[in-house]
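The tour begins with a pair of helices and then moves to a pocket.

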Amino acid sequence: VIGTHSGTFHCDEALAVYMLKLTDTYRDADVVRSRDPAVLGGCDIVVDVGAVYDASKNLFDHHQRGFEEVLGLGFNTKLSSAGLVYKHFGHEIVAKKLDVPYEDPNVAYVYSLLYRDFVEAIDAIDNGISQYSKDIEPKYRNRTDLSSRVGRLNPKWNEPTSNAILDEKFNVASALAGGEFMEQLDFYATSWLPARELVKELVKTSKESADPSGKVLLFEQFVPWKEHLFDLEKDANSGIEEGAAAYIVYPDESAGNWRVQAVPVSPHSFESRKALPEPWRGVRDDALSELSGIPGGIFVHASGFIGGNKTKEGALTMAKKALEI
């Protein structure tokens with residue numbers, strides 16, 4: 001039996017309960033919502049109520065005075081009940097989804113990513129931690145986040161309410177929060193990790209087939225590469241030199257031609273490590289081919305962050321020539 005508090009519910013315990021039901025121990029557990037210590041005392045695990053955090057006793061509340069628990073791994077946001085459950089059960093959940101042993105390095109990697117991109121925001125919102133410093137006034141309000149949507153599932157002030165109604169709506173909220181959690185985890189398992197492995201392999205093969213220096217990387221197929229390249233550059237075991245890559249050459253499969261893209265200075269930056277040459281920028285088609293001396297030119301963006309050529313050889317030549325200018 002999983003115990004949590006009755007009454008108005010929030011995203012953190014809705015997600016915490018869902019995550020517990022992803023584990024072998026609690027997958028078939030009933031959920032009891034109460035504030036009665038006697039009722040909660042009969043539960044096998046209690047989340048978000050009781051004013052005690054003691055993992056050895058399966059008590060996971062965060063409201064008590066002096067509670068400052070964080071996930072670690074460089075994360076410093078105070079945990080809610082969602083973060084507490086994730087801290088103690090997240091590795092099991094991730095390993096089961098990836099279908100690998102706990103010690104597989106991808107478990108720890110995805111565990112950290114999933115906290116960063118999903119759970120941490122729920123912890124912060126529930127604990128009243130602003131995303132920005134207090135002296136910055138938001139330019140607009142955002143109430144489309146998961147915590148806000150879960151909150152709106154509670155009965156309105158002018159609607160009928162009862163413990164039975166609240167319990168029913170809590171089940172809807174838990175399914176909503178858990179469904180989005182699983183969507184994010186599924187993305188890492190079926191898209192993110194395969195892309196990371198492919199980028200690692202393509203960097204290796206491009207050094208053999210295109211440019212031994214690693215400054216120009218030739219990707220024979222399109223793959224989302226930016227964050228993976230930066231992550232791999234920071235990974236001492238990847239064999240990829242940090243900051244070496246200047247250009248990525250890859251196919252534009254929808255248009256049937258090739259692109260050469262400058263690597264940015266960071267995954268989300270508009271500034272490039274080495275933008276394509278200034279004289280090429282904003283020039284198109286035959287004019288670009290004549291100016292660059294490379295047949296098949298299509299365009300170079302006005303900022304120099306990307307260009308195109310009709311052939312792989314042309315795009316690769318553009319990248320190599322750009323290194324020299």
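Select helix H1 (residues 11–20) and helix H3 (residues 81–98): their axes come within 9 Å and cross at roughly 20°. Helices here are DSSP runs of H or I with at least four residues, numbered from the N terminus; axes are lines fitted to C-alpha atoms over the stretch in contact, with angles from 0 to 180 degrees between N-to-C directions. The angle therefore makes H1 roughly parallel to H3, a term for angles under 35 degrees. The crossing is left-handed, that is, the near helix is turned anticlockwise from the far one by less than a right angle.

This is a predicted model, in which local features need pLDDT of at least 70 and side-chain atom pairs count only at pLDDT 80 or more, while totals for chains, interfaces and linings use all residues. Residues are numbered from 1 along each chain as its sequence is written, and side-chain values use heavy atoms, without hydrogens and water.

Next, show the side chains at the contact (heavy atoms within 4.5 Å). H1 contributes Asp12, Glu13, Leu15, Ala16, Met19 and Leu20, and H3 contributes Ser81, Ala82, Val85, Tyr86, Phe89 and Ile93. By class, 9 of these are nonpolar, 1 is polar and 2 are charged.

Now select Ile125, Gln131, Tyr132, Asn142 and Asp145, which lie nearest the centre of the largest pocket, lined by 24 residues. Helices H4 (105–126) and H5 (146–151) are the elements giving two or more residues to this lining, and H4 gives the most, with 6.

Key
1 Å grid on protein atoms, 1.4 Å probe; cavity = no way out; pocket = protein on both sides within 12 Å on 5 of 7 lines; lining within 4 Å. Parallel < 35°, antiparallel > 145°, perpendicular 65-115°, else oblique. Nonpolar A, V, L, I, M, F, W, Y, C, P; charged D, E, K, R; others polar.
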